Amino acid sequence: MRAPILVLAIVAGLASEWVAYRWEQPGRWIPDLLTGLVLVGAGLYARKAPGTLLIATGFAWFAGNLDPALWYWHRGPLIHLLLMFPGWRPTTRVGWAAVGTGYVAAVVQPVWNTDLAAVALVSALLVAGGTRRAAIAFALAVYGGAASRLAFPAGEVAFPAALGYQAVLCGIAVTLAWTLRRPGHEAVTDQVIELARPGSLRAALAETLGDPGLRVGFWRDGGYLDERGVLIALPAGDLATTFIGSDGEPFAVIVHDRAVLTGTSMIEAVGTAARLTAVNAALQAEVGAQAAELVASRRRLMVAADEERRHLAERLQEGPVRRLTGLLDTLKSGRAADHLASTLQELDDLAHGLHPRELSGGLAPALAALAARSPVPVRLNASPEPLPADIEAAVYFVCAEALANVAKHAAASTVSITLTRHDAELSLSVHDDGVGGADPSQGSGLRGLSDRVETFGGRLSVDSAPGNGTRLVAEIPVADEPR
């Protein structure tokens, strides 16, 4: 799209110069043509909305050659650009009024034709637009033209003054276009709002604006504190202070070099980034707290379920199992006794499955008893170091389920259980030499074990290539202070 616009600008420029000069006085029309083309070219290079204003300024410049009533049209979009740069849209009533005044003055010819009115209008522009160098350069060009006409009313310096004005316009166009395209500005206006943490906001602003000494503070307890909690002293001298509010209340402050953070649009982008950063940090803290509470809740539920199973196993042992054992002693023998003995064994197995009695003596003896009951020979290497009761139960049930799967499906000749602890992490490995090919997604047992391990913030993995046996590994974080 840029090439057609540039071609159109060249054609329009040449046509306007022919209308104004008929190719005569090349010393006049060539600089005039170059000025318009520089404005359009700078706008095409800059792109975005400010670039569009530069393009409009260039075409309006050529329009001035068609009719003297159009000479100052270019100052409408030019003043709009100088007031709103690096943005384009006014955000306050004063901004709308200033931009509208610039356009009205551009089409009402007597305003700029009268030196007193022109000087007053440019002075108001400086007040409304701050002290940007581009606005100052434009104001000086207008002041210089007015002063030259006052000093030389006969018009001897009209042509040099016109050349000077054209040079100023070209310089403004090139400077603003370069400013819009330099990496720092694009990063601030387009990317800084994607930041997440307060510390990263300060670092990103310092890098993109080229100000390593930049500091960001958020309003806390009657002062502005940086990311380390240090009170920020408001500066003087070469440093500037940009305050950012939220709903009319103090919110944040940015201390920076005076030259690096200018323009309403840029300040708004940084303010948006600061507010989003604070909101995002609060949301992350809330989500983190909720996630921690969810983990703690899952663990409490798991511990409560294990505790209830233990109580149920004890009730079975001390109630029905004890009474049936006494009855069996009374019957001594016979078919009823055999049936009763079988029922008693089933109840005992049920009670044992609900909560293994061996765990009362520690994890290592419980695993040894579990290995002794396994139909597949087990090599056990487990540290006798005591662990929290809930973690011991988790390890026991992982081993029990793994050994049950080996006995049912693995066709293995041996299985090894290795339990080690490294600092704050417990590692359990169950490895058999069977046929392999186990698929954790096809059975509920391994999925239940994975849920149990994850309840403690751990992870469960299964490696079961066909023909290479199956290795189940559980890694569980353990508190520094075991039970």
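I began with E385, which is partly exposed at 37% relative accessibility. The model is predicted, so I keep in mind that side-chain atom pairs count only at pLDDT 80 or more.

I then looked for the partner of E385. Its side chain meets that of R421 in a salt bridge, 3.1 Å from N to O. E385 sits in the loop between β5 (378–382) and α15 (389–410), while R421 is in strand β6 (residues 415–422), so the pair ties together parts 36 residues apart in sequence.

**Other charged pairs**

How many salt bridges does a search of the whole structure find? I got five.

I checked D115 next. D115 forms a salt bridge with R149, and the closest N and O atoms are 2.9 Å apart. I placed D115 in helix α7 (residues 115–129) and R149 in helix α8 (residues 133–151), so this pair ties together parts that are 34 residues apart in sequence. D115 is partly exposed at 25% relative accessibility. R149 is partly exposed too, at 45%.

My next stop was E475. Its salt bridge partner is R459, with 2.8 Å between the closest N and O atoms. E475 belongs to strand β9 (residues 470–477) and R459 to strand β8 (residues 459–463), so to speak distant parts of the chain, 16 residues apart. I read 22% relative accessibility for E475, which counts as partly exposed. R459 is partly exposed at 45%. Salt bridges with shared partners join E425, R459 and E475 into one network.

**The four-stranded sheet**

I traced an open sheet of four strands in the order β2-β1-β4-β3, with antiparallel pairing. Which strands stand at the edges? I found β2 (223–225) and β3 (239–246) there; each has a single partner strand, so one side of each lacks a neighbour in the sheet. Neighbouring strands are turned by 30° against each other on average, direction ignored.

I went through the pairings. Strand β1 (residues 215–220) pairs with β4 (residues 249–257) over four bridges, in the antiparallel sense. F218 has A252 in β4 as its bridge partner. β3 and β4 are also antiparallel, over eight bridges. There, G245 is bridged to P250 of β4. The hairpin of β3 and β4 has two residues between the strands, and D247 takes a positive phi near 55°.

I looked at how enclosed helix α4 (residues 75–84) is. Ten of its ten residues are buried, so the rest of the structure largely encloses this helix. Among them are R75 and H80.

T57 came next. I located T57 in helix α3 (residues 48–63). Is T57 buried or exposed? T57 is buried, with a relative accessible area of 0%. Leaving out residues up to four places away in sequence, T57 touches L39, H74, P77 and L78. The C-alpha atoms of T57 and L78 are 5.9 Å apart, across 21 residues of chain.

**Surface and totals**

I picked out a nonpolar surface patch of about 610 Å², made by L6, I10, L14, W18, V19, W23 and L66. L14 is in helix α1 (residues 2–21). L14 is partly exposed at 33% relative accessible area.

Last, I noted the chain totals. The protein chain has 16 helices and nine strands. Of its 483 residues, 39% count as buried. Its accessible surface comes to about 25,400 Å², and 61% of that belongs to carbon and sulfur atoms. Among contacts with a separation of 6 or more, 61% join residues 24 or more positions apart.

Key: Residues are numbered from 1 along each chain as its sequence is written. This is a predicted model: local features need pLDDT of at least 70, side-chain atom pairs count only at pLDDT 80 or more; totals for chains, interfaces and linings use all residues. Side-chain values use heavy atoms; hydrogens and water are left out. Buried means under 20% relative accessible area, exposed over 50%, partly exposed in between (1.4 Å probe, protein chains only). Contact means heavy atoms within 4.5 Å. Two strands pair if DSSP finds at least two bridges between them. Axes are lines fitted to C-alpha atoms, for helices over the stretch in contact, and angles run from 0 to 180 degrees between N-to-C directions. Accessible areas come from the Shrake-Rupley method with a 1.4 Å probe; for residues, only the protein chains shown count as cover. Patches are made of residues with over 30% relative accessible area and no salt bridge: like charges are joined within 9 Å, nonpolar side chains (Val, Leu, Ile, Met, Phe, Trp, Tyr) within 5 Å. A salt bridge is a side-chain nitrogen of Lys or Arg within 4 Å of a carboxyl oxygen of Asp or Glu.
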